[in-house]
Structure formats: C-alpha cells, structure tokens
Amino acid sequence: MRKLYVKIILFFMISPITLLAQQDLPLTSDTLDIEEVVVTGTKIQVARKNVPMSISLLSAQTLERSGEFSLLPVISQQVPGVFVTERGVTGFGVAEGAAGGITIRGIGGSPNTQVLMLIDGHPQYMGIFGHPLADSYVTSDAERVEIIRGPASILYGSNAMGGVINIITKKQQKEGFSGSAMAKYGSFNTQKYMANAGYRKNKFHVFASVNYNSTDGHRDSSDFEILNGYFKTGYAFSDKISAVADINLASFNATDPGIYDTGAGEHIDILRGMASFTLTNNFENIEGALKFFHNFGKHEMTSGFHSEDFNTGVNFYQSLTLLPGNVINFGYDYKTFGGIAENTFGDVVFGDTSIYEQAGYVFIQQQLFSQLILNAGLRLESNSVYGNEWIPQLGFAYHPMAGTTLKGSVSKGFRSP
C-alpha cells in the first residue's frame with residue numbers, strides 16, 4: 001500500500017531592509033531588495049520569495065566555515081526542522097539501527113525513504129532498498145545546498161514526502177588555475193584530508209577533489225574510514241547551450257561497535273558511485289535541461305550480507321514564458337532501479353528485482369498585480385509494480401509590502417512501497 005502525506009504550510013516571513021550610509025558624507029539611503037535564486041523549488045532559477053514552498057539555502061561559505069567533513073551534520077545544525085541521527089566519529093553506516101536517519105518536520109527516519117536526496121537535481125538512493133547513503137555526501141564537493149521542507153513530490157516523485165535535500169556540486173568559476181588543501185588531526189587518531197583543484201579557460205572548465213577521513217573510534221571496534229573522489233568538467237557551446245559531465249566514487253569501511261558490553265557488531269565495506277551528463281538550454285522564452293544519471297553500489301558485511309544495486313534514469317524539463325508574469329514548467333522523468341540483496345552464508349536471496357518509474361508533470365506560475373503569485377501543478381507517476389499516482393499542488397506567495405512575504409501551499413507527498 002502506498003503511503004500518502006498531505007501537509008498545509010503557512011508562514012510569515014519578514015526580511016530586513018538594508019540601509020547604506022557613508023560616514024562624514026551627506027547621508028543617503030538605498031533599499032536593496034536582493035532576489036535569491038534557487039533551483040530546487042521549480043527546477044529553474046526563480047526568486048525564493050516567489051516559491052510557495054519553504055526553502056532554506058546553505059552557501060559554500062557556510063559549508064566551509066563549519067569545518068565538517070560530512071555534509072549532513074551541517075544541514076542538521078543550520079536548517080530548522082531538519083534532524084540527522086549521528087553516532088560520534090564512526091560514520092553513519094547503513095545497517096539496521098545505524099545512524100544517518102534524516103527527518104524533516106518529523107517525517108523520515110528509518111527506513112529513510114521519506115526524504116529525497118538529490119545531487120544536481122537527480123535522485124541519490126540505493127536502488128535495492130531506496131534509502132540514501134549518508135557517508136557519501138561531503139562538504140568540500142558542494143557549492144551550495146537547497147532544502148525544501150515539506151512534500152515536494154509534484155516535481156520529484158517518490159520519496160519526497162518530508163522534503164528534498166538538493167546538493168549543488170562545485171565547478172570551477174575563476175579563469176585559470178586554483179586549488180586548496182586541508183589537513184586535520186584529532187582525538188581517537190581522527191584524520192581528515194582534502195585537496196581540490198580547478199581550471200577554467202573561456203568556455204571550458206574542469207574541477208576535481210579528493211577527500212580522506214579516518215578514525216579509530218571512541219569505542220573498541222568503532223573504526224571508520226572513507227575515501228571520496230570527485231571530477232566535473234563542462235563546456236559552453238554558446239551563451240545559450242552548455243554541457244556538464246561528472247563522476248563521483250566513494251569507498252568506505254566501518255565497524256558497528258554494537259551495544260555496550262555486548263561485543264562488536266558487523267563490519268561494513270561499501271563502494272558507491274555516481275555519474276551524470278547534463279545538457280542545458282537558456283533562451284529568451286524557454287530554458288531547461290536534459291539530464292542522464294547512473295548510480296551504483298556494492299555492499300558487503302561480515303554477517304554474509306551482500307548487495308549490488310543501480311539507479312539509472314533521465315530527467316527532462318523546460319520552463320516556457322508566453323505571457324508577462326506567466327511561467328509554465330513541464331517535464332518528464334524516467335528511472336529504472338533495483339539490484340540483488342542476499343546472504344552468502346545461507347544462500348538466502350532477500351531481493352532480486354528491477355523496477356521502472358516514469359512521470360509527466362506541469363507546474364504553472366502566474367503573477368497578478370505585482371504582489372500576488374499563484375502556483376498550481378499536477379504530476380502523474382506510473383510505477384511498473386504499484387501502478388499510477390496523481391500528485392496535485394496549489395500555492396501562493398503574497399508580498400503586501402517591501403521585505404514582507406506571506407506564503408501558503410497545499411501539496412501531496414508519496415513514496416513507492
């Protein structure tokens with residue numbers, strides 16, 4: 001049976017007006033109304049204040065200042081309503097009862113399939129069980145993070161019941177070469193190393209990074225290590241059309257120390273990978289992207305558990321402007337996911353499957369009288385096993401005065417069983 005989640009969100013936000021004055025000069029004032037842009041809200045760049053959903057942004061500066069290797073603790077510390085379970089310096093892990101459970105406004109947890117993790121807009125979760133891998137997200141590879149708090153299945157489909165966390169990866173911004181490195185050492189023989197470098201020349205850019213994190217753990221048999229490599233390159237064919245390709249590999253080993261005084265739990269050996277290719281267009285009245293992605297993983301545990309999984313698909317979306325104040329967003333998603341999970345000691349197969357999902361959606365925004373923005377959308381999701389699911393959404397954003405925004409939305413969230 002499908003799980004459905006309907007939530008009504010209404011909140012009032014007042015942002016300060018900035019006054020600039022130069023000392024010892026004639027006093028002048030200027031009001032700055034800076035429109036923050038987001039990608040997660042409607043998949044294209046729009047002002048955050050015009051999106052009916054509650055969206056939080058974490059910038060690269062916030063991530064760097066945190067000093068954290070893993071990305072999820074920063075999100076938990078910085079974003080209201082988001083909570084991530086941790087177990088000290090030993091990594092998150094993926095076994096039953098492990099840490100790394102994500103909740104947004106109380107929705108999520110374990111199994112962690114009610115909060116959708118995205119990298120550059122495409123889904124990131126284990127194809128055989130559907131949960132994200134908390135240890136594979138690192139701060140040094142993220143340009144910014146966008147968090148939708150509340151159901152977002154209208155645009156992203158299954159698993160977006162509690163919300164969406166979209167990691168926007170880094171790319172080289174400056175012309176020429178640049179790079180940075182970091183090394184840290186702490187208690188329990190905890191070591192953290194990071195190095196990255198990038199190059200841009202005219203229309204071509206490339207960026208690469210390597211991260212290593214290890215610890216002996218704060219308890220016996222709680223050691224952990226992870227090696228993460230990331231590579232991204234792109235080319236702008238013109239100021240209207242560009243392409244980007246990237247690949248990420250993460251290998252980590254961890255030991256679950258088990259319940260106190262009962263002996264060590266399982267040792268886990270995991271390899272995760274991701275590759276994608278994106279072609280974007282940005283014309284005067286239409287913009288969007290075509291994305292291809294492939295995620296894969298291999299998990300081994302000392303209990304005999306073994307799994308191999310995949311998650312492969314394509315996202316296509318466009319934003320069309322026909323009339324002043326009107327934007328029509330439409331798209332099509334297709335993905336196939338699955339794999340095999342078994343216990344090699346007892347020759348027991350838990351699952352061996354391949355499932356596909358496809359969906360079409362439309363999301364319309366209309367501005368009225370320069371102060372009111374109305375939004376409405378509908379998505380039809382089709383699962384090869386569980387059939388069809390209709391996902392509607394209605395919302396508004398109202399600006400009664402400068403610096404003040406009133407928002408509301410009614411939406412439906414779901415996940416495939």
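This is a predicted model: local features need pLDDT of at least 70, side-chain atom pairs count only at pLDDT 80 or more; totals for chains, interfaces and linings use all residues.
Strand β6, residues 102-104, pairs with β7 in the antiparallel sense over three bridges, where strands are DSSP runs of E of at least two residues and helices are runs of H or I of at least four, numbered from the N terminus, and where two strands pair if DSSP finds at least two bridges between them. Within this pairing, I104 stands opposite I107 in β7.

Residues are numbered from 1 along each chain as its sequence is written, and side-chain values use heavy atoms, with hydrogens and water left out.

The two strands belong to an open sheet of three, in the order β5-β6-β7, with antiparallel pairing. Its edge strands, each pairing on one side only, are β5 (82-84) and β7 (107-109). Helix α2, residues 71-78, packs on the sheet and touches β5 and β6, contact meaning heavy atoms within 4.5 Å. The direction of α2 makes about 140° with that of β5, with axes fitted to C-alpha atoms, for helices over the stretch in contact, and angles running from 0 to 180 degrees between N-to-C directions.

Let me turn to the lining of the largest pocket. Which kinds of residue make it up? They divide into ten nonpolar, 16 polar and 13 charged, counting Ala, Val, Leu, Ile, Met, Phe, Trp, Tyr, Cys and Pro as nonpolar, Asp, Glu, Lys and Arg as charged, and the others, Gly among them, as polar.
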